[in-house]
Amino acid sequence: VMTLLVNNWLSYKENRTNRAIMSLQTHTTSCTGDVKELFSHLFGLYNSNAFIRPPKKNIIDYFIRIQLWNGVKLVLDRHPTAIKTMGLDTKVMADFLSTVGRCCSLTTMWEVLRNEQDLLEGV
């Protein structure tokens, strides 16, 4: 249930800011372990301390596993280079790029294409 609530909450642009996400930190003390894990990955995107912050690949993998799609979008918008760590097969890249184009910002799409120049080879 918490995943659905957080996914819906992240669908609003004003909730994807550093201030909005870090404001949730005060409300996580009495949460269950799985909810704390969800929030720790979410907070990890905004944490400036590299020792505490989980790798982007771990964050995006976790969000995909629990189907927090707006969380995946958030990772891609904030760190478009995280796509390189996903190890996507070339055969699925067209579908993936189509989805990124529909869901993410134009800036994110541009960064993804810039980092995947081998896909544009021969075009």
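How many residues apart in helix 4 are Lys57 and Asp61?

Analyst: Quick heads-up: this is a predicted model, where local features need pLDDT of at least 70 and side-chain atom pairs count only at pLDDT 80 or more, while totals for chains, interfaces and linings use all residues. Residues are numbered from 1 along each chain as its sequence is written, and side-chain values use heavy atoms, with hydrogens and water left out.

Now your pair. Lys57 and Asp61 sit 4 residues apart in helix 4, so about one helical turn separates them. (Helices are DSSP runs of H or I with at least four residues, strands are E runs of at least two, and both are numbered from the N terminus.) Their side chains meet in a salt bridge, with N and O 2.8 Å apart. That label calls for a side-chain nitrogen of Lys or Arg within 4 Å of a carboxyl oxygen of Asp or Glu.

How covered up are the two partners? Lys57 has 33% relative accessibility, so it counts as partly exposed. Asp61 is at 32%, so Asp61 is partly exposed as well. (Buried means under 20% relative accessible area, exposed means over 50%, and partly exposed is in between, using a 1.4 Å probe and protein chains only.)

The structure holds 3 salt bridges, so let's visit the others too. Over in helix 5, Lys73 and Asp77 are also 4 residues apart, about one helical turn. The closest N and O atoms of Lys73 and Asp77 are 2.9 Å apart. Here Lys73 is buried, at 15%, whereas Asp77 is partly exposed, at 25%. In helix 7 (residues 106-115), Glu111 and Arg114 are 3 residues apart, again about one helical turn. Their salt bridge has an N to O distance of 3.5 Å. Glu111 is partly exposed at 21%, and Arg114 is partly exposed at 44%.

Helix 3 covers residues 33-44, and its 12 residues should span 16 Å at 1.5 Å a residue, which agrees with end C-alpha atoms 16 Å apart. (The expected span is 1.5 Å times one less than the number of residues.)
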